Structure formats: C-alpha cells, structure tokens
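Visitor: I have just started learning to read protein structures. Could you walk me through this one step by step?

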Amino acid sequence: MLFRDEPNAAATVHDPAVQKAMFDLAGPKRMVGIATLDLGSSNYGAKNAILRLSDFNGKKLRINGTELERQKMARLGATGIGMPLSEVVPALDQGTIDGTISGLSVFVAFKMNDLLKVVTVTNDTFIISIAVVSKPWLDTLPPDLQKVVTDAGAAVQAKAQAWEVDFTKKLASDWTALGGTVHALPTDDLARMKTLLDPVADETTKSQPAVHDMLELVRAAATRH
C-alpha cells in the first residue's frame with residue numbers, strides 16, 4: 001500500500017477503528033494504549049541516488065529484516081539486507097550495502113550526507129508508534145484520575161501530530177543545509193511502484209489471519225481518509 005501523503009497516513013493511524021485495533025495489541029502485554037502517533041515516512045537513501053523506479057534494480061538496501069520488507073525489495077528489483085541501525089553507516093562506508101530505508105531524522109542525525117546525497121520519498125512506508133501506560137498502575141488510580149491519564153493521551157496525540165509535521169519540514173531543511181537533496185519519484189513511477197507493491201501485503205499475511213484482518217482494517221481506513 002502507498003499512502004497518498006502524510007495527512008492521509010496520519011488520519012488513517014488516528015482512525016477510531018485502527019486506533020482501537022492498535023490499542024488492543026497492548027492488552028496482552030498488560031499495557032493500555034492512550035495515543036497513536038504517526039512519526040513520518042521511511043525514505044530511501046543510496047550512494048548512487050534513487051531518482052527513478054528503475055534505480056532500485058540491483059541495489060542492496062538495509063531493511064529491518066521482516067518478510068514483508070524482503071518481498072517489497074524483491075518486487076522493486078533490490079535485495080533487502082536485515083541490519084540494525086547502528087551498523088548502517090559502517091556498512092555504507094564499506095560497501096556492504098548500497099543504501100538504506102530510514103526516517104529523514106536518521107539521515108540527518110547520523111550525518112549520512114558524507115556517504116549519500118539524495119533521500120527519495122515514496123510514501124510506501126510510515127513509521128507508526130503507540131503510547132501506552134501500565135495497566136496494573138492505571139488500575140490503582142480512581143476513575144477520575146484514570147480519565148485524566150487517557151484524556152492526556154488524546155491531547156498529546158493531537159499536539160505530537162502537529163509537531164511532527166513541522167519537525168519533518170525542518171528535517172528537510174536540515175538535510176538540504178548538509179548539502180543533500182530530498183527527491184520525490186515521478187508520478188508515473190509512483191503509480192508503477194503501487195502496482196508492484198500492492199500484492200505484497202496480502203502474500204505475506206495470507207497465513208496470518210489476525211495480521212491480514214489488521215491489513216484490511218487499515219486499507220479501509222486509508223480509503224475513508
């Protein structure tokens with residue numbers, strides 16, 4: 001799935017049905033969800049810049065190591081290399097990988113401008129987080145204070161979303177100041193990318209009914225927004 005843009009992704013994450021499903025994931029861990037947070041898109045950076053969809057061909061790109069990411073890279077003609085973030089810069093420097101998929105904050109904070117110059121935005125992956133509190137702790141509070149905690153989560157969610165939009169804009173400026181460029185794939189390439197990647201989620205979740213149900217829930221919410 002490719003989201004249209006960040007507002008579409010944020011609205012999807014904050015959709016009541018999606019939010020409830022994400023909060024339900026915290027229950028077995030004895031946690032209570034109080035906010036969902038869209039932390040922006042993961043973008044592509046490579047030493048030989050990805051300016052067109054065809055530029056993915058043959059590249060070895062660092063991923064988090066999930067099967068979905070491996071299949072996604074394969075569809076794009078690249079190879080996904082599972083690797084912790086701490087190893088990315090040395091691996092780029094040594095040529096073990098050609099590039100990485102990471103948030104813009106990572107490219108800036110790690111000063112990857114010494115190794116690559118172009119960060120390519122495709123909106124095919126967004127970084128999502130959930131704010132939780134301990135259920136045993138929450139249960140010790142009287143009902144009025146429990147409401148204070150959950151209301152605070154809703155307030156933080158709204159403020160954090162507004163902050164993230166401004167923060168992403170600043171990151172783009174910071175990357176440019178470091179000598180880099182933020183690049184968007186051409187419209188025709190994005191359409192082709194969507195066609196290539198659309199089947200991946202179904203294929204990787206077909207043997208996991210609960211995960212597939214979540215996928216369908218997110219799809220429906222993205223359509224609504």
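**Helices, rings and loops**

Visitor: At roughly what angle do the axes of H2 and H9 cross?
Guide: Helices (H or I, at least four residues) and strands (E, at least two) are DSSP runs, numbered from the N terminus. An axis is a line fitted to C-alpha atoms, for helices over the stretch in contact, and angles run from 0 to 180 degrees between N-to-C directions. The axes of H2 and H9 come within 9 Å, and they cross at roughly 150°.

Visitor: Before we go on, what pLDDT do local features need in this model?
Guide: Residues are numbered from 1 along each chain as its sequence is written, and side-chain values use heavy atoms, leaving out hydrogens and water. This is a predicted model, where totals for chains, interfaces and linings use all residues, side-chain atom pairs count only at pLDDT 80 or more, and local features need pLDDT of at least 70.

Visitor: Back to our helices: are H2 and H9 roughly parallel or roughly antiparallel?
Guide: Angles under 35 degrees count as roughly parallel, over 145 as roughly antiparallel, 65 to 115 as roughly perpendicular and the rest as oblique. The axes of H2 and H9 cross at roughly 150°. The two helices are therefore roughly antiparallel.

Visitor: And is the crossing of H2 and H9 left-handed or right-handed?
Guide: A crossing is left-handed if the near helix is turned anticlockwise from the far one by less than a right angle, and right-handed if clockwise. For H2 and H9, the crossing is left-handed.

Visitor: How many residues in the contact of H2 with H9 are nonpolar?
Guide: Contact means heavy atoms within 4.5 Å. Here Ala17, Val18, Ala21, Met22 and Leu25 of H2 meet Met214, Leu217, Val218, Ala221 and Arg224 of H9. Ala, Val, Leu, Ile, Met, Phe, Trp, Tyr, Cys and Pro count as nonpolar, Asp, Glu, Lys and Arg as charged, and the others, Gly among them, as polar. With one charged residue and no polar ones, the nonpolar count is nine.

Visitor: How far apart are the axes of H3 and H8?
Guide: The crossing of H3 and H8 is right-handed. Helix H3 covers residues 67-75 and helix H8 covers residues 187-205. They pack at an angle of about 150°, and their axes are apart by 9 Å.

Visitor: What kind of aromatic pair do tryptophan 163 and phenylalanine 167 make?
Guide: The structure has three aromatic pairs. Rings of Phe, Tyr and Trp (its six-membered ring) pair if their centres lie within 6.5 Å; planes under 30 degrees apart count as stacked, over 60 as edge-to-face and the rest as tilted. Tryptophan 163 and phenylalanine 167 both lie in helix H7 (residues 143-177), four residues apart, about one turn of the helix. Their ring centres are 4.6 Å apart with planes at 15°, so the pair is stacked.

Visitor: Is arginine 30 buried or exposed?
Guide: Arginine 30 sits in the loop between helix H2 (16-26) and strand E1 (31-46), and its phi is near 60°, a positive value. Most residues other than glycine have a negative phi. Buried means under 20% relative accessible area, exposed over 50%, partly exposed in between (1.4 Å probe, protein chains only). At 55% relative accessibility, arginine 30 is exposed.

Visitor: Then is asparagine 123 buried or exposed?
Guide: Asparagine 123 lies in the loop between strand E5 (118-121) and strand E6 (126-134). Asparagine 123, although not a glycine, has a positive phi of about 60°. With a relative accessible area of 16%, asparagine 123 is buried.

Visitor: What distance separates the C-alpha atoms of arginine 62 and alanine 91?
Guide: Arginine 62, in strand E2 (residues 60-63), is buried, with a relative accessible area of 8%. Leaving aside neighbours within four places in sequence, its contacts include Ile81, Met83, Val88 and Ile101. Arginine 62 and alanine 91 are 29 residues apart along the chain, and their C-alpha atoms are separated by 9.1 Å.
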